[in-house]
Amino acid sequence: MKALPVTLLTTTLLLAAASQGSAHFGMVIPSEPTITPEKRNVQLSLSFSHPFEEVGMDLARPAKFSMFKDGEESDLLPGLQQIRVMDHLAWKADFQVQRPGVYHFVMEPVPYWEPMEDLSIIHYTKAIVPAFGSEDGWDQPLGLPTEIVPLLRPFGNYAGNSFSGQVLLAGKPVSGAEVEVEFYNENQQFTAVSDYHVTQVVKADADGIFSFTCPQPGWWGFAALNSADYNLKNPDGDEKPVELGAVLWIYMDPWQKQ
Ligand SMILES: [Cu+2]
């Protein structure tokens, strides 16, 4: 960051500050939304970012990174490698798929202290990747502290489909949960009509169920934010509240002509 005019720099910092607080998302983005026998390798990119604006934040080495399949959890943490995403510290994992199935990838970051909100943030972040035509188990909760369980099968969808999911906290539906929605605006192909359009918001019903129609092809992130029933110490050693995010990323394909 050099030779930026002072006014532009100031504006950038103000914009970054203004968008903090609502728009950061844990991100687990697979290199392929579905796995075929011809291309068995999938690379997972892990970051903590503002997906629409493509403004990155540093993601410390996650506390956990796992793959769940058929009720079994595999630890992928040892294979994580540092990368840069949106010019900030991020992580990647290479995973080779051997067998058909539905692979749930889950990141648990270390708590992120957010002074502007006076709380720590933990976004349990999930992406669900099917392999070799299997679709068994996409609707299974994983028993995370908080999670969005898809009601729409989270793959093989077109832009324009409506995503539905249920927000769980400690395994129970969250009545009226607030869910933030952002499009991963790769290469800044779109610009926001207003600041309100960057992060969209939908509320769940009494059973924690919400729907949102995704109008563009690409990755869409859903983040249901709730308060933990515990505190954590901030860097000054003070006990502060904790925001638990249940984040799910799904991919919407474009329609294809013959
Ligand atoms: Cu932020």
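Biologist: Which residues line the largest cavity?

Modeller: Rolling a probe the size of a water molecule over the atoms shows where empty space is left. On a 1 Å grid over the protein atoms alone, a cavity is a set of points where a 1.4 Å probe fits but cannot get out, and lining residues have an atom within 4 Å of a point. Here the lining consists of Pro30, Pro33, Ala127, Ile128, Val129, Pro154, Phe155, Trp219, Trp249, Ile250 and Tyr251. This is a predicted model, where local features need pLDDT of at least 70 and side-chain atom pairs count only at pLDDT 80 or more, while totals for chains, interfaces and linings use all residues. Residues are numbered from 1 along each chain as its sequence is written, and side-chain values use heavy atoms, leaving out hydrogens and water.

Biologist: What is the volume of the largest cavity?

Modeller: About 50 Å³, counted as the space filled by probe spheres set on grid points joined across faces, edges and corners. Strand 10 (119-131) and strand 19 each give at least two lining residues; strands are DSSP runs (E, at least two residues) and helices are runs of H or I (at least four), numbered from the N terminus.

Biologist: Which residues of the largest nonpolar core touch the most other members?

Modeller: In soluble globular proteins, nonpolar side chains tend to be buried together. A nonpolar core joins buried Ala, Val, Leu, Ile, Met, Phe, Trp, Tyr and Cys residues through side-chain atoms within 4.5 Å. Buried means under 20% relative accessible area, exposed over 50%, partly exposed in between (1.4 Å probe, protein chains only). Of the 27 members here, Ile148, Val167, Val179, Phe210, Trp220 and Phe222 touch the most others. Strand 19 (239-253) is among the strands that supply at least two residues each, and its four residues are the largest share. A second, separate core of 25 residues includes Leu46, Leu77, Val97 and Phe105.

Biologist: Why does Ser45 count as buried?

Modeller: Because its relative accessibility is 18%. Ser45 sits in strand 2 (residues 41-50). Beyond residues up to four places away in sequence, Ser45 touches Met27, Val28, Ile29, Ile83, Val85 and Trp91, with contact meaning heavy atoms within 4.5 Å.

Biologist: Which residues coordinate the copper ion?

Modeller: Donors are N, O and S atoms within 2.8 Å of the metal (3.2 Å for Na, K and Ca), and sites may look incomplete because water is not among the atoms. Here His24 (ND1) and His50 (NE2) coordinate the copper ion at 2.1 Å. His24 is in the loop between helix 1 (6-19) and strand 1 (25-30), and His50, 26 residues apart from it, is in strand 2. Both His24 and His50 are buried.

Note on methods
1 Å grid on protein atoms, 1.4 Å probe; cavity = no way out; pocket = protein on both sides within 12 Å on 5 of 7 lines; lining within 4 Å.
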